[in-house]
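The tour moves from the whole chain to a few side chains.

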Amino acid sequence: MAKLINIKSFQEFLKSGTAGGVILILCVVLSLLIANTGFGDAFNSFLAIEIGYHSEALHLEYPIIIWINDGLMAIFFLLVGLEIKRELVEGELASIKKATLPVIAALGGVIVPAIIYTSFNKNTEFAGGWGIPMATDIAFALAIITLLGNKVPSSLKIFLAALAIVDDLMAILVIAIFYSTSLQYEYLLYAGLLFVLLLVFNKLGVKKIIFYLIPGVFIWYFIHHSGIHATIAGVLTAFTLPTTPDATESPLEKLEHLLVKPVNFLIMPIFALANTNIKYEEGMLEGLFTPLGLGIALGLLLGKPIGITFFSWLAVKLKISNRPHGASWKHILGVGMLGGIGFTMSIFIAILSFANATHILAEAKFSILTGSVLSGVAGSVLLLLTDKKKKVQ
């Protein structure tokens, strides 16, 4: 008998992601308006204000923009980590047969965009940004496919969710390995000991979420000072939360349920508001046709669908995986296009890549926005046309 799966959290994730995606779009528009009016300089000055506490023993005083990108985004990564673990335990990644297609598809969606970007930017000052077009924005992608409703097979929505989660896991690994500064091993040791403690709590059957979150805050502090990007602390903490493969609400699912709305309605919009305030300057449009702009935009617009579709086709052809029930190859291509909506994660990696080069970062963000918008529109149109053609037949 098939195991009962608690899909309440997943339904909440999809449901909230739709509205959250709309709010995210509004914040992007608002941020662009602020940047291109007289309020732009004042807004940047506000983001540069340092808040927090500082002493010889404790340093927690940073600009507001750092608190957003390193602090609030750690909570976003905590939610992503919870999603990844739940899918590994009870969802689309719970068995080798289930996991192979989204995992292989995500691998293609990571490799091909990176190759496209590198082909344009090898041996240039932009070479370090190869991770930018690799990522898929879960909120935007799921918001669009959910808004399409019954025009796409339900299996396709699950496939996209699993694909985006695996994609984010790969992006997290890339951030941890390639976009971290010199390491402070003493702080890493402290963080590692606390992580082991949380694993012990899990093994002992500790169910109270607070016993995981409080040490998680300290893990964030130690990782932040270690040289590895602090948002990784969210994923590490998430992986220690207890869960179950049945319909009983576990601590992991309870925390996931509590975080979905704050992340989608507050944290991600704040991130978008703070990080997409791109001031349009003369030559920026032309910048789309520079190696940097082409590498990012084409990596998202072409690399994602080509990589996801080809690797999926290869997995099915080799009988490693099965195509999602009721989904055609046009559906898979459409999902691949939606995977080109890099937005949040792509901007995040761009910030890590070009933090000390403001003009390059602005051009990168503009290319990300362009590639993401074109990918979202193209994917939506293809999925709608595929549904219309199916009905006519």
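**Whole chain.** Select everything. This is a predicted model. The C-alpha trace spans about 70 × 60 × 35 Å along its principal axes. The radius of gyration is 21 Å, which agrees with the value near 21 Å for a compact globule of 393 residues. Colour by secondary structure: there are 14 helices and two strands.

**Surface and interior.** The chain exposes about 17800 Å². Carbon and sulfur atoms supply 71% of that area. Of the 393 residues, 54% are buried. Among contacts with a separation of 6 or more, 82% join residues 24 or more positions apart.

**Aromatic rings.** Show the rings of Phe, Tyr and Trp. The count is 16 aromatic pairs. One of them joins F310 and F311, edge-to-face, at 6.0 Å centre to centre and 75° between the planes. F310 has 43% and counts as partly exposed. Next, select F76, F77, F271 and F348: ring pairs link these four into a cluster.

Finish at I320. That residue sits in the loop between α11 (291-317) and α12 (329-338). I320 is partly exposed, at 36% relative accessible area.

Key. Residues numbered from 1 in each chain as written. Predicted model: local features only at pLDDT ≥ 70, side-chain atom pairs only at ≥ 80, totals over all residues. Heavy atoms only, no water. Phe/Tyr/Trp six-rings, centres within 6.5 Å; stacked < 30°, edge-to-face > 60°. Buried < 20%, exposed > 50% of the residue type's maximum accessible area, 1.4 Å probe, protein only. Helix = DSSP H or I, 4+ residues; strand = E, 2+ residues; numbered from the N terminus. Rg over C-alpha atoms; globule rule 2.2 N^0.38 Å. Contact = heavy atoms within 4.5 Å. Areas by Shrake-Rupley, 256 points an atom, 1.4 Å probe, with all protein chains shown as cover.
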